[in-house]
Amino acid sequence: MEPDFEIIIQASQDRYKIKPLSCIGDVNNDGYDDLGCSVWANDAFNHEFKLAILYGGTWNLEILDDTVIGHQYRHDIEPVGDVNGDGIDDFVTGFAATINGEYNFYRYLYLGSNTFNINDRILLYQVPCANSGGQMFAAAYGIGDFNGDGYDDMVYCNGASWYDNNKIRLGGPNILVTEEITVQSYQLANLMELISPQKVAYGDFNGDGFSDLAASNWRAFTWIGHAGIWLGKAIPNGQYDLRISSPPSSPFHQFGWQLAAGDFNGDGFCDLAVSAPQSDSPNPWYLGYVYIFAGNPQLTDTTVANEDQVLVPEQALFRMRYYPNPHSGDGCGISYEIEGKMPSQVTQARVTIHNVKGQLVKRIDVDIDQLRKGEGTISTQPLNAGVYILSLWLNGKRSNSEKIIIKKGRN
């Protein structure tokens, strides 16, 4: 129970109080994850503070340029994964600030790099604070690879409140021109309420190789609450696929206060945890609950949009098998063999590795000539123990996906 590191940062004019907000990944690609923080200055009595990065490994604190105004305004710094596909983590900030003499609400995307610079950022959203009502959803949340194209995606609110006009922005080489999908919700009560401390959760709940999105609204139906799941796929339509009502054991317990995802039972499917704390009640007899909903292959897309008809069908007689399975994950490579005949028109092949949460772990180009030989080895870095999904892409289209289990200590 002893700490491994004790981080001491001396107080100064701009470092009155430091509060970690989230782990934003390894944004400078030095092998250490970094923390996004809020920093209250000595004038914090007036509710003025800044956002900052606490770099892992060195523990250096770098303050972002803009000063957040007004405690009533939402502010945040959140990881969004690797949205531009360069292999380095990215993050988004959102805040109200005075820039050029005007109060505005801003959302910025920072792209991680080996030479990371806080001044290199992309403006995603700007609106006068007078129109935000002080409740604008601040940043954005990463949701893994929702459409399975090898780029991480994100969700955020583009309206005047925390529940209005929620959007999924698909990742790509240029985030400013990628597709944006409107998140459709339950007619009687919104299913996605993007407000602190509540966050979305994501993972591959049905094991199909696509990251899925879970969100909730603990205020719904006078603090009864409910949650929903949007299943990822190659051409997502934004319509929710499953609504989860508050269990009978939690009346008015604010079901959906917070969400978490992970493979809690070790079966290879990502599971969803939903809390119902009854947090507003001082009565000690009102015990809080956490409900676990197990991921399973029966979760399917319940709404099929018209554009789904243009999907390229999988090659029924062509598959790529990986072995040994389970694998040691020692970094010596993963062997493969081809079942069936590879299409003759293939000019580009790639294998992607996603973890059970739908996060992209590795993107590997495969030699076409070697692939046509029917067997070979894919070079990859060591992998941690767990379940991974390997997908083969031919000419930019997914051909097939297979699960592989990594078990340490296996010969």
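A: We begin with the network, then move to the loop beside it, the other pair, and the open and closed spaces.

Some ground rules come first. This is a predicted model, where local features need pLDDT of at least 70, side-chain atom pairs count only at pLDDT 80 or more, and totals for chains, interfaces and linings use all residues. Residues are numbered from 1 along each chain as its sequence is written, and side-chain values use heavy atoms, with hydrogens and water left out.

Now the network. Side chains of opposite charge can pair when their charged atoms come close. Here, a salt bridge means a side-chain nitrogen of Lys or Arg within 4 Å of a carboxyl oxygen of Asp or Glu. The structure holds 7 of them. Arg319, Arg321, Glu339 and Glu402 are linked in a network of such bridges.

A strand is a DSSP run of E with at least two residues, numbered from the N terminus.

Glutamate 402 also meets arginine 321 in a salt bridge, at 3.2 Å from N to O. This pair again links β26 to β20, across 81 residues.

How covered are these residues? Buried means under 20% relative accessible area, exposed means over 50%, and partly exposed lies in between (1.4 Å probe, protein chains only). Glutamate 402 is buried, at 12%. Arginine 319 is partly exposed, at 27%. Arginine 321 is partly exposed too, at 31%.

Follow the chain past β20. A loop lies between β20 and β21 (334-339), and proline 324 is in that loop. The peptide bond joining tyrosine 323 and proline 324 is cis, with omega of about -10°. Proline 326 is in this loop as well. The bond from asparagine 325 to proline 326 is also cis, with omega near 10°. Most residues other than glycine have a negative phi, and most peptide bonds are trans.

Positive phi turns up elsewhere. Asparagine 29, in the loop between β1 and β2 (34-40), has a phi near 55°. Tryptophan 59, in the loop between β3 (49-54) and β4 (61-68), has a phi near 60°.

Back to charged pairs. Arginine 169 and glutamate 180 form another salt bridge, with their closest N and O atoms 3.1 Å apart. Arginine 169 lies in strand β11 (residues 166-169) and glutamate 180 in strand β12 (residues 180-182), so this pair ties together parts that are 11 residues apart in sequence. Arginine 169 is buried, at 13%, whereas glutamate 180 is partly exposed, at 30%.

Next, empty space. Rolling a probe the size of a water molecule over the atoms shows where empty space is left. The search uses a 1 Å grid over the protein atoms alone: a cavity is a set of points where a 1.4 Å probe fits but cannot get out, a pocket is an open set with protein on both sides within 12 Å along at least five of seven lines, and lining residues have an atom within 4 Å of a point. Points are joined across faces, edges and corners, and a volume is the space filled by probe spheres set on the points.

The largest pocket holds about 1,000 Å³ of space. Its lining has 38 residues, and Pro79, Gly81, Asp89, Tyr202 and Gln359 lie nearest the centre. By class, that lining has 15 nonpolar, 11 polar and 12 charged residues. Ala, Val, Leu, Ile, Met, Phe, Trp, Tyr, Cys and Pro count as nonpolar, Asp, Glu, Lys and Arg as charged, and the others, Gly among them, as polar. Strands that each supply at least two lining residues include β5 (76-81) and β23 (360-366).

The structure holds 1 cavity of 30 Å³ or more. About 30 Å³ of space lies in the largest cavity. Residues lining it include Phe146, Trp230 and Asp241. Its lining has 4 nonpolar, 3 polar and 2 charged residues.

One last stop is threonine 93, in strand β6 (residues 90-99). Threonine 93 is buried, at 0% relative accessibility. Leucine 109 is 16 residues away from threonine 93 in sequence, and their C-alpha atoms are 6.7 Å apart.

Methods
Helices (H or I, at least four residues) and strands (E, at least two) are DSSP runs, numbered from the N terminus.
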